[in-house]
Amino acid sequence: MPARPAGEGPADVDSDAFERAPTPSARVPGPRNPKPSSEGSWRWTKWAIPLSVVPLLVLLAYGFRTDPRAIPSPLVGKPAAPFSIALFDGGRLSLDDLKGKVVVLNFWASWCVPACYDEAPVLERGWRTYKDRDVVVVGVDIQDTEEAARKFIRQFALSFPNGPDPTGKISVDYGVYGVPETFFIDRAGRIRKKHVGAVTEAVFTGEVERLLKEGS
Amino acid sequence: MIPEIGYAMTAVALGLALYGSGAAAIGARWHRPALIQSSQHAALGVFVLILAAMILLVYAFLTFDFSVRYVAMNTNRGTPFYYRITALWGALEGSIILWSWMLSIYTLLVILRYRSRHPEFYPWVLSVMLGVLAFFLLVMTVPAPPFQRLTPIPPDGRGLNPLLEDTGMITHPVALYLGFTGFTVPFAFAMAALITGRTGDEWITVTRRWTIVAWYFLSLGLLIGGWWSYHVLGWGGYWAWDPVENAAFMPWLTGTAFLHSVMIQERRRILKLWNLTLIILTFGLTLFGTFLTRSGILSSVHSFTQGTIGAFFLGFIALILLGAFGLVAARGDRLKAQGELDSILSRESAFLLNNLMLVAAAFTVFFGTIFPLLSEAVRGVKVSVGAPFFNLVNIPIFLALIFLMGVGPLIAWRRASRENLRRNFLWPVGLGIVAAGAFRMLGVAHTLALLCFGLVVFVTATIVLDFYRATRARLRSGERLLPAMGGLLVRQNRRYGGFVVHLGILVIALGVLGSNAWSIQTETTLRRGEAFQIGRYHVRFDGLAASEESNHFKVTGTFTVANDGRVLAVMQPAKKFYPQEQTPIAYVDYLMGLREDLYLVLGDFARDGSQATIKVQVNRLVTLIWLGGLVLTLGAGLAILPDRRKA
Amino acid sequence: MKGRVLLLALIALVPLLAAAAPPAGSVNEDTVREIAAQLRCVVCQNLSVADSPSEMANQMRGIIRERLQAADTPEQVVAYFVEKYGEWILLSPPPRGFNLLVWTLPFVGIGVGLVAVLLLARRWSHRTARLPLPETIDPAMRERIEREMAELEP
């Protein structure tokens, strides 16, 4: 402990004097005073303060392993909600018409850069490859303008059925919280997988093949 | 060249900060004044280097030097001049520069003020502050470098986040960071006290004004943040209990608790351990705020950027908390209270309860904020904890705090006699009850509102009564009225500064109450020329206009607002379409008034301008929140003045 | 259990706040708003469906309206959204099971804190013998001392 220099402020003098004069009488004044045993227990319990921080740090570290944007859908494994959509090419399509087929239901928007632009060719290729094997790709355009959506469809020469969801009803029925999201629906009409983000070739083929193998 | 020069500056600054921190510690431990001197020079060097790096970055922004990645990400050729400067702190990397620069200013101020005073503390304080600075410089060099070369150089940048193109965004981060970094000073003194074992009251006395400064800036930052949210985000409110708002609110709560509990230690020598805990928590929470915002572990409106820096922050938080609380534990035997608490009816216990409530509020906010994480870890289910939860749980806590705000400053130290209670509280309590009754008769049926009103009147009455009595005492000794009042404010600036801050908080409380209890809103679609009525306003839709701005496309609606046939205003809420943004940004228009604001947000519209959807809110008493902030500013200014009584 | 009781008391307070706003349009709109305020806008980060200016929130308000018109009760409307999005969509976690922790812990904390303050007060009050203020001082004098003490205090 360094020697106290001269010229310290008065507050300091008396506080320090107080600090350094733990006379025995000050420690054991009354009958209700902490007994020596509690002095001993303090030695061990005091480390509880820093240690109590540890679980918190562990929890925060756990936070790195989770993605706050990945919210698991409660709909996986449940029957897909029925919908009927007015297609851009005219005509309507409803899920009931697709009974017995594997349905890839894709939610997209023309403003969704770059993910929707990345997956559009993948979806189109997938549709062309599998359309004769009882697989239907359906695009649902959400929160978009018709003009921009049509331009998008032309840009990628999308030939699978595509339509808007002007009221957001289909989006909410499928628990969509962003674009792109893609649902894989089996022949029995149950949602088997929800994919968030751009669909890749591997995801598309993998899921579709899996559902096709299940037979009907 | 700019990216390389800038990077070199930050790297050298990091080296200097590390050296300075070590040199000060060694100099303190083995009494080498030369090393401490050298550490001071290092601190000066760090300050100069960070300042130079900041100027360099601003220069890069002004000259559209897109070879700097940060510039390319946060500006484009259309960004107005003004916002090209503030784009400096428009994202994480630049914010960290600003943050470290402020911290280096505080470090310099500490050096200037204390280099020949408190010789036991000073070198350790310097060491801790430079250590913290070194951490931020490390973040600037490794995980989030503001100076990073972008190749190939793009022809144009991505542009600033449009939400940040607002005057509030110029002052909000500055005030907030001045608050956050300001708490480093009391924290560093606390650490110095623990390291040297001089855990008496010295560190508390020395840091009192620093703490008020930090607290004041943090309050200001929160208020400006609310203002920004209200005027820019276009959702009609000022506080959403978003994780990032919570992150700034938590250190404010614990900092407020600290500000009060040090008074107890100064006078009564108790709560030493508690005060150290509070300042460590406050400082830890300022870091936690940045961690939450930037690590991306929780989603938030304000998470403008994310990166790998979460791990760095978590490591540093762990170091700070474990190190600081470890020191507390090691010094535990020196932290025994030497004072006594005579009665539960005393100012000491009122302050203890105030601390309990503030810490409980901080805990509620903290636990609510991280609960989704806990739920996911334990149950595997994601939940949300949002505004309805926080409002509900915090209401009783804040009402209790308002009550204690009235009791604490006037109840006697040690043991309140019946006489003391009667003298100080009879009238205010009576007035509070009468006021609540009067409001009930005026038609306020809302129980919580009545309770809040009653409490506000009660607290105001205690303050007025106290000031009245003190003035009267001075008048009796022959002073005239105004000099007597002014003299009181100046000579007892701590006490009355505190009271003025309390008044500010009361005004804010009224604003929060009014806006929650009596605001009305509606959403409606109007054809051109059509009008509708909300509250006392007659709002007519006159048409739409489109315009091309320097960096965005804007659709403006024109609405004529009238009251009883008299035109009050022509309001022009708009929607701004930025090429780099997916969704349009609302531009709110509002008619501010003391009693209520009329707040218009343009929704959907028909392309030909024939109709538009508009969200209209009449927000009651919101202006009181900003006025209360002004009052609070005056009070804090008064409390920061040097203490005259000791001179 | 104590926390639970407090919690119930708190919940009883809720309608006071919610019902405060006088009706803006039809009664139906208020119900819409009340429901929307409990739901998280799914494309925003942390705003309610009632507050969010986004298109998605707008559509969700439309769906709430539609469901109410189809004679759903507010509870059914909320349940519909929970079915589609999970508990995550509720802005305040339903107070049951593990979620009770977040609702009660703050109050348990306050309770423990109060007990701690009381215990400390008891322990510290016996630390040293007190010197009671002599009661013989006359009240006027005593008041003056107190007042001057008060003036000196920070």
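Predicted model: local features only at pLDDT ≥ 70, side-chain atom pairs only at ≥ 80, totals over all residues.
Good morning. I begin with a helix pair: helix α10 (residues 243–268) of chain B and helix α13 (residues 347–378) of chain B pack at an angle of about 160°, and their axes lie 9 Å apart. Axes here are lines fitted to C-alpha atoms, for helices over the stretch in contact, and angles run from 0 to 180 degrees between N-to-C directions. Helices (H or I, at least four residues) and strands (E, at least two) are DSSP runs, numbered from the N terminus.

Residues are numbered from 1 along each chain as its sequence is written, while chains are lettered from A and ligands numbered from 1 in the order in which they are written.

How are α10(B) and α13(B) oriented to each other? They are roughly antiparallel, because angles over 145 degrees count as such, with under 35 roughly parallel, 65 to 115 roughly perpendicular and the rest oblique. The crossing of α10(B) and α13(B) is left-handed, meaning that the near helix is turned anticlockwise from the far one by less than a right angle; clockwise would be right-handed.

Now to chain B as a whole. Chain B contains 19 helices and 10 strands. Along the principal axes, the C-alpha atoms of chain B fill a box of roughly 75 × 70 × 60 Å. Of the 647 residues in chain B, 59% are buried, that is, they have 20 or more other C-beta atoms within 10 Å of their own, with C-beta atoms placed from the backbone.

Next, the sheets. In chain B, an open sheet of four strands has the order β1-β10-β9-β8, with antiparallel pairing; two strands pair if DSSP finds at least two bridges between them. Its edge strands are β1 (520–527) and β8 (589–591) of chain B, each pairing on one side only. On average, neighbouring strands of this sheet are turned by 20° against each other, direction ignored. Eight bridges link β1(B) to strand β10 (residues 611–620) of chain B in the antiparallel sense, and Thr525(B) has Thr613(B) as its bridge partner in β10(B).

Elsewhere in chain B, strand β2 (residues 531–534) and strand β3 (residues 537–548) run antiparallel, joined by four bridges. Ile534(B) has Tyr537(B) as its bridge partner in β3(B). What is the phi of Gly535(B) in this hairpin, which has two residues between the strands? Gly535(B) takes a positive phi near 55°. β3(B) also pairs with strand β4 (residues 553–563) of chain B, antiparallel over 10 bridges.

Finally, chain A. An open sheet of five strands there has the order β5-β4-β3-β6-β7, with mixed pairing. The edge strands are β5 (162–164) and β7 (191–196) of chain A, each pairing on one side only. Strand β4 (residues 135–141) of chain A runs parallel to β5(A), with three bridges, and Val140(A) stands opposite Gly163(A) in β5(A). Thank you.

Key
Buried ≥ 20, exposed ≤ 12 C-beta atoms within 10 Å, placed from the backbone.
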